Amino acid sequence: MSSTAKEERRGLVDRLKDIDRRIIFIFIAAAVVIPLLRPIGMPLKSSPPSRALYQEIDNLPRGSVVLMAFDYDPATDVELGPMSLAILKHCFLKGHKVVGLALWAQGAGLARASFSEAARGFSVEYGVDYVNLGFKPGGLVVIDSLGKSFDRSFPKDIDGRPIEELPLMRNIKTYADIDFVLGLSAGDPGLPFWIMIAQGRYGKKVGGGCTAVSAPMLYPYFPNQLVGLLGGMKGAAEYELLMDAKGAATKGMDAQSIAHAAIVLFVLIGNVFFFVSRGREKRGGAQI
Amino acid sequence: MRREIPLIITFVCGLAMIAQFFIPHSPFGGVKDYFQQSYMIIAAFAMLLGIGNLTKLHVGKISEKRPQWGYSVVLLAGLLGMTIPGLFIGGIKEGTIFDFLFKNAFVPMSSTMFALLAFFVASASYRAFRARTVDAALLLIAGFVVMLGRAPIGDYLTWFMPEGWQMSDYANWIMEIPNTAGQRAIMMGAALGVVATSLRVIVGIERSYLGGE
């Protein structure tokens with residue numbers, strides 16, 4: 001090969017190695033948008049932690065009380081919102097009562113939206129079948145205080161109604177009146193604290209959902225301290241699959257698949273250029 | 001005394017909280033309840049303090065016309081735009097202005113900011129995720145398997161493999177076995193670190209939380 005051709009190849013490798021990031025952005029945008037517009041319909045399979053959570057809620061006796069914590073904010077609503085919807089619908093379908101609360105300020109508003117949407121199509125009534133206690137700052141301390149008394153930590157619901165006026169809350173005083181604790185968590189305070197206190201100290205069964213990025217951190221608790229876990233949008237889609245009700249998460253699976261594949265492809269290409277470049281440097285060094 | 005009094009308070013409170021864990025009866029049980037209520041009240045006031053501090057900082061930035069002060073105007077407009085309707089115009093109930101802004105402005109903008117991460121992750125991994133060593137190569141392979149296996153495309157690409165040997169099964173194995181082992185080691189180490197640091201704070205060896213030198 002002539003020296004000019006070698007120089008040209010070297011220039012191309014260097015250019016591709018330092019490719020303008022906007023080109024990568026365009027590929028990622030296309031990888032997300034195209035599958036959303038034209039779904040591929042890739043088959044989905046549920047994982048053991050998702051199945052375990054589904055089974056746990058499915059096997060609770062009718063009328064059981066589920067305490068559901070909305071410990072996330074709008075940034076992670078795309079992952080945790082579909083989970084909350086699917087689980088709430090499952091609870092309503094099975095006739096369970098749901099008590100919602102939030103340790104994150106914005107979680108209370110998101111809980112309200114999820115309750116409203118999930119309640120559509122079910123003959124459930126606020127205050128009787130479900131309540132939203134709103135937000136309380138304090139994280140771990142709030143979780144622990146519920147073991148003593150619900151009404152001391154949450155004397156009013158999200159709209160300022162005293163909880164003794166809500167029929168559902170008249171029989172719920174402490175964790176002893178709760179059948180299952182479910183935490184939807186995007187960070188701290190979140191699911192690890194519910195496991196530590198509600199499960200560890202008060203012996204309640206705890207399950208939950210989390211963002212995909214925090215799922216590895218929660219796997220060590222499964223299945224003994226955490227009866228089931230939904231990880232990220234895939235976890236939400238798995239729950240929808242188990243419910244046999246396709247929702248937002250299932251619709252997003254193709255986009256997530258192609259985006260993941262695009263990132264893997266970029267990493268592979270980046271490594272190819274890295275090895276070409278390193279091999280060339282070694283050869284250049286040997287010549288010197 | 002400026003340092004001694006906080007140290008004494010910390011020591012007494014720390015010992016009381018340890019005692020209540022092992023003796024959950026009166027008077028220690030009551031001490032715990034009192035501290036819990038106090039903590040929740042202080043946490044609520046800490047939020048107010050944070051809002052006050054944020055406002056003061058950005059008002060100062062605007063009044064001194066420091067670089068990029070325009071962003072501070074947007075921040076304060078957002079703060080007031082949510083706070084005033086929430087406090088004075090209908091509250092935070094469903095169907096109020098606050099609720100409308102929360103659902104139609106705050107939620108989509110917040111999700112958009114988070115979604116931008118995907119672009120930066122793709123760009124950064126293209127440039128930085130290199131198989132320079134055997135360890136890095138193993139991490140890279142595990143990353144590929146989990147990324148593809150934790151999305152339907154993994155099984156789509158390994159459709160020819162028998163049930164139980166597809167990409168999602170490998171991803172689940174990585175999450176349940178090597179990941180769990182590593183995470184447990186980290187968690188145990190961190191827990192021991194928390195115990196050691198807490199003891200240092202209680203007995204007054206660690207004083208950085210007091211500020212100053």
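This is a predicted model: local features need pLDDT of at least 70, side-chain atom pairs count only at pLDDT 80 or more; totals for chains, interfaces and linings use all residues.
View 1. Chain A has a radius of gyration, taken over C-alpha atoms, of 24 Å, but a compact globule of 288 residues would have one near 19 Å. The globule rule is 2.2 Å times the number of residues to the power 0.38. Along its principal axes, the C-alpha trace of chain A spans about 85 × 40 × 35 Å. The chain has twelve helices and six strands. Helices (H or I, at least four residues) and strands (E, at least two) are DSSP runs, numbered from the N terminus. Of the 288 residues, 49% count as buried, that is, with 20 or more other C-beta atoms within 10 Å of their own; exposed means 12 or fewer, partly exposed in between, with C-beta atoms placed from the backbone.

Residues are numbered from 1 along each chain as its sequence is written, and chains are lettered from A and ligands numbered from 1 in the order in which they are written. Local features need pLDDT of at least 70 and side-chain atom pairs count only at pLDDT 80 or more, while totals for chains, interfaces and linings use all residues.

View 2. Domain bounds come from an automatic or database domain assignment. Chain A is divided into domain 1 (3–38 + 252–287) and domain 2 (48–246). Their C-alpha centres lie 42 Å apart. Chain B is divided into domain 1 (1–84) and domain 2 (89–128). Here 26 Å separate the C-alpha centres.

**View 3. The largest nonpolar core.** A nonpolar core is a set of buried Ala, Val, Leu, Ile, Met, Phe, Trp, Tyr and Cys residues joined through C-beta atoms within 7 Å. The largest has 95 residues, and F70(A), A102(A) and W194(A) have the most contacts inside it. Domain 1 and domain 2 of chain A each give this core at least three residues. Two residues are in contact if their C-beta atoms, placed from the backbone, lie within 7 Å. Beyond its neighbours within four places in sequence, A102(A) is in contact with residues including A69(A), F70(A), G107(A), A108(A) and F135(A).

View 4. The 13 residues of α5(A) should span 18 Å at 1.5 Å a residue, and the end C-alpha atoms are 18 Å apart, which agrees. The expected span is 1.5 Å times one less than the number of residues. Among the buried residues of α5(A) are G107(A), L110(A), R112(A) and F115(A). The buried residues pack against β1 (65–71), α4, β2 (97–102) and β3 (130–135) of chain A, together with α4 (97–128) of chain B. Just after the helix, G121(A) takes a positive phi of about 95°.

**View 5. The side of chain A that touches chain B.** Here 49 residues of chain A are in contact with 46 residues of chain B. Helix α12(A) gives the most to the chain A side, with 14 residues. By class, this side has 28 nonpolar, eleven polar and ten charged residues. Ala, Val, Leu, Ile, Met, Phe, Trp, Tyr, Cys and Pro count as nonpolar, Asp, Glu, Lys and Arg as charged, and the others, Gly among them, as polar.

**View 6. R3(B) and L210(B).** R3(B) lies in the segment before α1 (4–22) of chain B. R3(B) is exposed because 12 other C-beta atoms lie within 10 Å. L210(B) lies in the segment after α8 (178–202) of chain B. With 13 C-beta neighbours inside 10 Å, L210(B) counts as partly exposed. Leaving aside its neighbours within four places in sequence, L210(B) is in contact with R3(B) and P6(B).
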